[in-house]
Amino acid sequence: MNEIRRPARWLYGTLIALVLLFVYLPMMTLVMASFSRSKFFKFPIPQFATNWYADVFASLSIRSFFWTSLVIALLVATIATVLAFFGALAFARYRWAGRKLYQKILLLPILFPQAVLGLALLLWFSAIGVTPSWQAAVFAHLVWIAPITTLVIAIQVYAFDPAMEEAAVDLGATRWQTLKEVTLPILTPGIVSGFLSAFLLSWANFPLSMFSTGADQTIPEWISAKIQSGYTPQVPAVGTLTMLAAVIVMALGGFAAWLHARRRAGLA
Amino acid sequence: MVTTEAAAQPILQLRAIEKVFDQFAAVDRITLDIQEGEFFTIVGPSGSGKTTMVRMLVGMDKPTRGDILLRGRRINDVPANRRPTCMVFQSLALFPHRTVGQNIEFPLKIRGVDPALRKKRALELLAQLRLPDHYYNKAVTQCSGGERQRVALARALAFDPEILFFDEPLSALDYKLRKVLEKELKDIHRQTGKTFVYITHSLEEAMVMSDRIGVMNRGRFVQVGTPNEIYGSPTTRFVSEFMGEVNILDVTVGPDGTATDDVTGARYLVPASAGAGPCSLVIRPESLRFVAGPGQAQNVVTGTVYNEYLLGSRVQYQIRVGEKQVLLLENLRDQRYEGDLDSPVTAGWDTGDSMIFPKGLLQ
């Protein structure tokens, strides 16, 4: 009954192909631009080369931006996950006075334009005498990312039967044992996806970094700066590598989820 | 003499326990003794306070007032993880990230029991609950409803509790499986000799398994007794209705002890227990029978057969008396009514098979 009729199937196929094209064609252009020998972007590309990648890998400054981005993203993801884990339990599990208000206030920063949020943070930093730096950027990212991570983990918490914790306690487990043996393992998929999304959001973030990193620079900031002055195909090369990194992180996450599902199905 | 007293001491004693939520007493001053090795079932409709009660007994909630004594020791303030009791939850609360074996071993792992011993015990329990050995490595998420039920029971037995509580664990299962598991549970009770305290909303389920039943309503026990007492001599209309379908006639008992039907004006002989005044006369469908005419039963009514319902080994008839009264009559299948629908019939019952409860009494 649910089968799509033939002409409709054709239409669906075309539509899906168009959407994919629409989403991925620009990225393909980026990838192609990074392999162009010419310093300027021309289409079609007259001559392909990989020299810009060699330049990227040889560049000490790009390497330092990469490390800055990575360290910020890892710290943000770790701190956001820890905060979000307990936040999500408060958010989705326990009933307490003010819970509804907490849920709304927590989610509000997600909806603020990031540039405004970044500006607010910059003003706040200067008010309390904090010099913008990559450490300040970690804080700035957290303001926006921790609520999102909380939401991601809360979805898993909602699906968690609180009777399982009660059963663990009833069978003699202490609070700590219950957390370690029951709550954490059952929430692991949510925690992992929370961590990954936090990492990727921080890794790719430009507006908050722009206002908060000060003298330190992240990859997205470098890309933006280079586009305004001094474009070379190093920029699309770095862009391609950044995308690739995100894809790898996603793939690792997918692989972890697959392993987890397999273990749960008792095949391992 | 001290020894005999100790031996006779109930394993669990409730002393006027009360649980109040916002001035509403979910459990209202209940006093009860549960004996060692007993299968005690608490039956009640939803909202009767039975779940609140069991949560206090296992230590997940504290009574507002009153005392809970385990072998004479007050345990009100002992948290659930320090009590030698455990519960099979309504949702079973199996751990989905663990295998059947790991679920069963959970309480042993918590206690730091050696892995080899744990596995040995888990395999024993699998055998006891008639689950195959290879289920040890099976994911609980892959088990059927009945298997999950057995895993939950095995996990609770691995804890080796002094009292095992059950919070309606069978309610989500289909009828047939429920019937099988009720009997299995009673067999396990016999095998282990442990004290079982079981909660259900089904008196029928309670009848099958229990040594004693406490019928609960509005936070109190309406009647506590053996299944036979509950079935044979319910003390209130509420209990008599709770067992299943019954005929309830509104009657008025006169000073001579006979009752007048408020609807049809017919006169019945009723058990002497009721005083004069408005009463409910309760007659089980199986106590009603077709009779050839007056004189063949102590009380008779005449009406017509409106419909017939086959219930497997038994058969029920809906009898309409006049326009307003409907009675159910139940026979064994081999005693089927041979006449046509809508033809006049006489049905009757003996006074001793009916029950009478004064109205206005707390149900």
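Q: In this predicted model, a residue is called buried under 20% relative accessible area, exposed over 50%, and partly exposed in between. Which of these classes does B:Arg237 belong to?
A: The relative accessible area of B:Arg237 is 24%.

Q: How many residues apart are B:Glu38 and B:Arg212, which form a salt bridge?
A: The closest N and O atoms of B:Glu38 and B:Arg212 are 2.4 Å apart. B:Glu38 lies in the loop between strand 2 (24-34) and strand 3 (39-43) of chain B, whereas B:Arg212 lies in strand 9 (residues 212-217). The pair links distant parts of the chain, and the separation is 174 residues.

Q: Is B:Glu38 buried or exposed?
A: The limit for a buried residue is under 20% relative accessible area. B:Glu38 has a value of 7%, so this residue is buried.

Q: Which helix holds both B:Glu124 and B:Arg121?
A: These two residues form a salt bridge, with the closest N and O atoms 2.9 Å apart. B:Glu124 and B:Arg121 are three residues apart, about one turn of the helix. Both lie in helix 4 (residues 115-128) of chain B.

Key
Residues numbered from 1 in each chain as written. Chains lettered and ligands numbered in written order. Predicted model: local features only at pLDDT ≥ 70, side-chain atom pairs only at ≥ 80, totals over all residues. Heavy atoms only, no water. Salt bridge = Lys/Arg side-chain N within 4 Å of Asp/Glu carboxyl O. Helix = DSSP H or I, 4+ residues; strand = E, 2+ residues; numbered from the N terminus. Buried < 20%, exposed > 50% of the residue type's maximum accessible area, 1.4 Å probe, protein only.
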